[in-house]
Amino acid sequence: MSSSKRKAPQPKVVFEGVSKTFKKKGEPLEVLSAIDLTVDEGEFVCLLGPSGCGKSTLLNIAGGFERPTRGSVKIDGAEIVAPSSKRVFVFQEYGIFPWASVWDNVVLGIRHKSKAEQHRIVGEVIELVGLEGFERAYPMELSGGMKQRVEVARALAVEPDVLFMDEPFGALDSLTRLTLRTELLRIWNERKPTILFVTHDVDEAMQLAERIVVFSARPGRIAEIVSVDMPHPRDIGGVEYGNIKNRLYELLGVTHMI
Amino acid sequence: MIVSILALVASAAVLFYAKRMSAHVQEWALPVCVAAGLIALWDIACIVSGSEVFPSPLDTVYAFRELIESQRLWGDVAASLFRVTWGFLLAAGIGIPLGLVVGWSTRTFRALNPIIQGLRPISPIAWIPIAILWFGIGDGAGVFLIFLSSFFPITVGTMAAVRNISLVHQRSALNFGVRRFELFRRVVLPAALPQIITSLRIALGVAWLVIVAAEMVGMDTGLGYLINDARNAGSRYDLVVATMILIGLIGILLDFLIRRLEVFDEVRWGYTQR
């Protein structure tokens with residue numbers, strides 16, 4: 001692709017010296033230390049690291065649910081101080097409301113729009129995630145994968161510019177996870193939101209991300225940022241894939257041979 | 001006597017062969033047999049002991065008929081149900097909104113929780129003298145006592161339900177800009193509703209226990225008073241036992257009615273998962 005045709009990447013989410021210290025039994029515990037990171041508009045970035053490396057905390061700070069101890073997160077140049085429906089969080093444990101039907105869940109973020117608009121948008125995103133015919137169902141009647149689709153549909157309904165995904169497929173079985181990753185990529189290609197995706201699964205990061213931010217633990221620091229310059233669909237059995245994967249395992253300090 | 005022994009043997013036999021019955025038949029056959037067996041034992045015990053005062057099952061059936069024919073029974077049933085209904089509705093009407101607010105607002109919780117927890121262990125029965133002092137002997141005191149006995153389970157149950165709302169649901173609401181009154185209507189109330197219904201159920205059960213005791217001590221109508229009256233008016237223990245059984249049946253009916261609340265789609269999730 002020639003550089004003249006492609007727009008120069010615009011920085012979308014900018015982390016500057018983000019640190020976070022929790023008090024644990026009176027002792028300060030630093031979970032994030034001076035994180036600097038720039039995510040471009042429309043980019044798909046995975047935050048990869050072991051449990052407890054602070055990657056979820058970083059995402060919560062970017063989502064506006066927590067405040068950093070030092071440093072700042074800016075989106076489009078404005079510092080994040082509170083959550084907003086322009087940037088939607090997709091949770092691992094189901095954040096959709098079990099007391100509301102699929103339709104009522106998806107409509108949550110666009111409840112102030114006209115009924116006609118609601119119908120158009122909900123119909124559209126429900127089709128996008130493949131849940132046609134389940135609009136009147138309640139979450140308890142759906143499988144785990146379908147619930148997660150509802151959550152993604154609810155997020156897409158507000159046409160967010162940024163999606164924060166905190167191990168969104170973590171609770172699903174491995175086949176459903178694969179399917180949903182493919183669908184997420186399709187949706188990302190169609191709508192091009194900026195996606196920050198937290199995972200501890202090396203393959204998941206490899207299959208999804210354009211760039212993988214690898215974290216080291218306690219306190220959480222960026223060990224390295226690995227680019228995955230492979231077009232989709234990616235050959236997950238190929239040599240290039242294998243080489244990047246080995247590099248990731250090395251960075252995480254675990255063996256890739258069992 | 002012979003009939004009872006036969007019934008006892010028959011129900012024992014049915015229970016013994018229960019394994020061969022289908023699940024559907026077991027569902028009604030087993031409890032019917034246990035009930036029949038217990039009634040038979042009751043009858044045998046009466047005959048063996050030769051008690052003049054304690055009624056046999058048959059005496060109780062006659063007593064039932066006497067109660068129904070006497071006309072006064074319906075007045076007493078109505079009096080008890082009236083007190084329970086109004087006391088309970090009043091408690092729900094105040095307890096649920098109060099529990100929602102106290103459960104949600106940390107400052108209100110800090111201010112009110114100690115007082116609520118301090119008043120809660122005082123038995124409603126202990127309030128009877130004060131209830132009579134304030135409202136006199138009659139419905140007012142009954143409604144007040146039922147209000148007290150339902151108010152605490154409902155308020156505390158609602159508070160606990162609200163404080164249990166998952167962080168993920170709170171953050172979802174926050175993320176989509178749901179706040180203030182809308183937050184209560186769209187998230188806090190529906191999230192707490194299954195547990196609120198459970199606390200209503202507990203409260204109604206307690207209310208039905210308390211009203212009988214209250215009527216025995218401090219009222220001159222109602223099923224509790226009927227029991228006391230039957231004993232005082234010539235040791236009519238047959239009427240006492242018949243009334244007790246009726247109290248049990250109405251209690252089952254009340255619980256059945258309030259359980260209808262649990263089947264709605266909006267709350268069903270709270271009873272199947274978790």
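This is a predicted model: local features need pLDDT of at least 70, side-chain atom pairs count only at pLDDT 80 or more; totals for chains, interfaces and linings use all residues.
1. **Make-up of chain A.** The secondary structure of chain A consists of 7 helices and 10 strands. Its C-alpha atoms fill a box of roughly 50 × 50 × 45 Å along the principal axes.

2. **Is chain A compact or extended?** Start from its 258 residues.

3. **Inside and contacts.** In chain A, 52% of the 258 residues count as buried. Now take the contacts between residues at least 6 apart in sequence. Of these, 68% join residues at least 24 apart.

4. **Surface and charge.** Chain A exposes about 12,000 Å². Carbon and sulfur atoms supply 51% of that area. The chain carries 33 positive and 35 negative side chains. The centres of these two sets lie 4 Å apart.

5. **Helix α1 of chain A.** This helix covers residues 55-63. Because 8 of its 9 residues are buried, α1 is largely enclosed by the rest of the structure. Buried here means under 20% relative accessible area. Among the buried residues are A:L58, A:L59 and A:I61. A:K55, A:T57 and A:N60 are buried too. After α1(A) comes A:G64, with a positive phi near 90°.

6. **Domains of chain B.** Chain B is divided into domain 1 (2-50) and domain 2 (67-272). How far apart do the C-alpha centres of these domains lie? For domain 1 and domain 2 of chain B, the separation is 36 Å.

Technical notes
Residues are numbered from 1 along each chain as its sequence is written. Chains are lettered from A and ligands numbered from 1 in the order in which they are written. Side-chain values use heavy atoms; hydrogens and water are left out. Domain bounds come from an automatic or database domain assignment. Helices (H or I, at least four residues) and strands (E, at least two) are DSSP runs, numbered from the N terminus. The radius of gyration is taken over C-alpha atoms; the globule rule is 2.2 Å times the number of residues to the power 0.38. Buried means under 20% relative accessible area, exposed over 50%, partly exposed in between (1.4 Å probe, protein chains only). Contact means heavy atoms within 4.5 Å. Accessible areas come from the Shrake-Rupley method with a 1.4 Å probe; for residues, only the protein chains shown count as cover. Lys and Arg count as positive and Asp and Glu as negative; His and the chain ends are not counted. The place of a charge is taken as NZ of Lys, CZ of Arg, CG of Asp or CD of Glu.
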